Amino acid sequence: MLKIKKYAAIDIGSNAVRLLISNIIEQKGEPVQFKKNSLVRVPIRLGADVFIKNKISEENTQRIVDTMIAFKLLMKSHKVVKYKACATSAMRESLNGKKVVDLVLKASGISIDVIKGKEEAAIIAATDLHKYIDNNKTYLYVDVGGGSTEFTVIHRGKQVASKSFKIGTVRLLNDMVKNESWIELEEWIGKHAKFYHKIEVIGSGGNINKIFKISGKAIGKPLTYFYLSSYYHTLQSYSYEERITDLGLNQDRADVIIPAMRIYLSSMKWSGAKNIYVPKIGLADGIIKSIYYDTVSSNTQ
């Protein structure tokens, strides 16, 4: 017997806020399927407030509240049965983050879970990564966000190390990343990479997804370090306005894509990786999985 229900994930990031609605397809004797139904992305860029002024502005507080009310209505229209909302580094570091969370709850009924970097990395790594992983290989999984980047070393299908660094696209755009942070990251990657003969990078996040789409590569095929480096220099040769008009990038993508590429390229260089694989997964996908498996777990107890 076939059962289909809808779950939703709300990812409140430092660059954008996303609502992912997924169909959960269950059939007796078959593994559960998670199929994307709808994705809505609103580029509020909370990090631009928080990383400079340490708080979320009144304008963006209202935008978050309005967005959450809209998301609640969309979930109702889609007949979503369960959802979870998670906020990452911008909300975590904001002096008025709790106040904003309380306002959202009062206005929309949505309770926001402000998660730590380590928890964020764990949720992302618990996505369907196994589909893209060869158990005979070693990978450095890099998820680039606006406020932080999560790194996970995966060896023979198992996570062996994981860390969140406050190096993100919005922080870099606003010159908020100290050189010490880059040194710490290089040392961390070097420390873990030295144990393995060969490492490949798995990248996730909106920017690398966009680059992969532009490349025209077939799904499952990697981008090379040479390609990424070459495209990085190409992008730098265009002004912000030209990236929008000539390259067709959205205005909230045209600026952050360059610091994002810097993070991916640095990760590849320091780990010695020649290739980067780009599965379309991220925090929202991980949230959906966590809702499902938590539900299954509680039903079997």
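**Figure 1. Salt bridge between Asp-255 and Arg-45.** Asp-255 and Arg-45 form a salt bridge whose closest N and O atoms are 2.7 Å apart; a salt bridge is defined as a side-chain nitrogen of Lys or Arg within 4 Å of a carboxyl oxygen of Asp or Glu. Asp-255 lies in the loop between H11 and helix H12 (257–271), and Arg-45 in the loop between E3 and helix H1 (46–53), so the pair ties together parts that are 210 residues apart in sequence. Helices (H or I, at least four residues) and strands (E, at least two) are DSSP runs, numbered from the N terminus. Both partners are buried: the relative accessible area is 17% for Asp-255 and 16% for Arg-45. Buried denotes under 20% relative accessible area, exposed over 50%, and partly exposed the range in between (1.4 Å probe, protein chains only). The model is predicted: local features need pLDDT of at least 70, side-chain atom pairs count only at pLDDT 80 or more, and totals for chains, interfaces and linings use all residues. Residues are numbered from 1 along each chain as its sequence is written, and side-chain values use heavy atoms, with hydrogens and water left out.

**Figure 2. Salt bridge between Arg-41 and Asp-252.** A salt bridge joins the side chains of Arg-41 and Asp-252, with an N to O distance of 2.6 Å. Because Arg-41 belongs to strand E3 (residues 33–42) and Asp-252 to helix H11 (residues 251–254), the pair ties together parts that are 211 residues apart in sequence. Arg-41 is partly exposed, at 28% relative accessible area, whereas Asp-252 is buried, at 12%. In the whole structure, the search finds ten salt bridges.

Figure 3. The side chains of Glu-93 and Lys-166 meet in a salt bridge at 3.9 Å, N to O. Glu-93 is in helix H3 (residues 89–93) and Lys-166 is in the loop between strand E8 (158–165) and helix H6 (169–173), so this pair ties together parts that are 73 residues apart in sequence. Glu-93 is partly exposed, with a relative accessible area of 26%, while Lys-166 is exposed, at 53% relative accessibility. Through salt bridges that share partners, Glu-93, Lys-166 and Arg-171 are joined into one network.

**Figure 4. Strand pairing in the six-stranded sheet.** Six strands form an open sheet of mixed pairing, in the order E8-E7-E6-E9-E11-E10; two strands pair if DSSP finds at least two bridges between them. E8 and strand E10 (223–224) stand at the edges, each with a single partner strand, so one side of each is left without a neighbour in the sheet. Strand E7 (residues 149–155) runs antiparallel to E8 and is joined to it by seven bridges, with Ser-162 in E8 as the bridge partner of Thr-152. The hairpin of E7 and E8 has two residues between the strands, and Arg-156 in this hairpin takes a positive phi near 50°. Strand E6 (residues 138–144) and strand E9 (residues 200–204) run parallel and are joined by five bridges; the bridge partner of Tyr-139 in E9 is Glu-200.

**Figure 5. The largest nonpolar core.** Of the 40 residues in the largest nonpolar core, Leu-140, Phe-151 and Leu-228 touch the most other members. A nonpolar core is a set of buried Ala, Val, Leu, Ile, Met, Phe, Trp, Tyr and Cys residues joined through side-chain atoms within 4.5 Å. E6, E7, E8, helix H7 (179–193), helix H8 (206–215), helix H9 (225–236) and H12 each supply at least two residues of this core. With nine residues, H12 gives the most to this core. Apart from this core lies another, of 28 residues, among them Leu-19, Phe-71, Ala-87 and Met-91. Leaving aside neighbours within four places in sequence, the contacts of Leu-140 include Phe-151, Trp-188, Ile-202 and Ser-271, contact meaning heavy atoms within 4.5 Å.

**Figure 6. Crossing of helices H8 and H12.** The axes of H8 and H12 come within 9 Å and cross at roughly 90°. H8 is therefore roughly perpendicular to H12. Axes are lines fitted to C-alpha atoms, for helices over the stretch in contact, and angles run from 0 to 180 degrees between N-to-C directions; angles under 35 degrees count as roughly parallel, over 145 as roughly antiparallel, 65 to 115 as roughly perpendicular and the rest as oblique. In this crossing, Asn-207, Ile-208, Lys-210 and Ile-211 of H8 meet Ile-257, Ala-260, Met-261 and Tyr-264 of H12. Ser-266 also has its place in helix H12 and is buried, with a relative accessible area of 13%. The C-alpha atoms of Ser-266 and Ile-189 are separated by 9.9 Å, and these residues are 77 residues apart along the chain.
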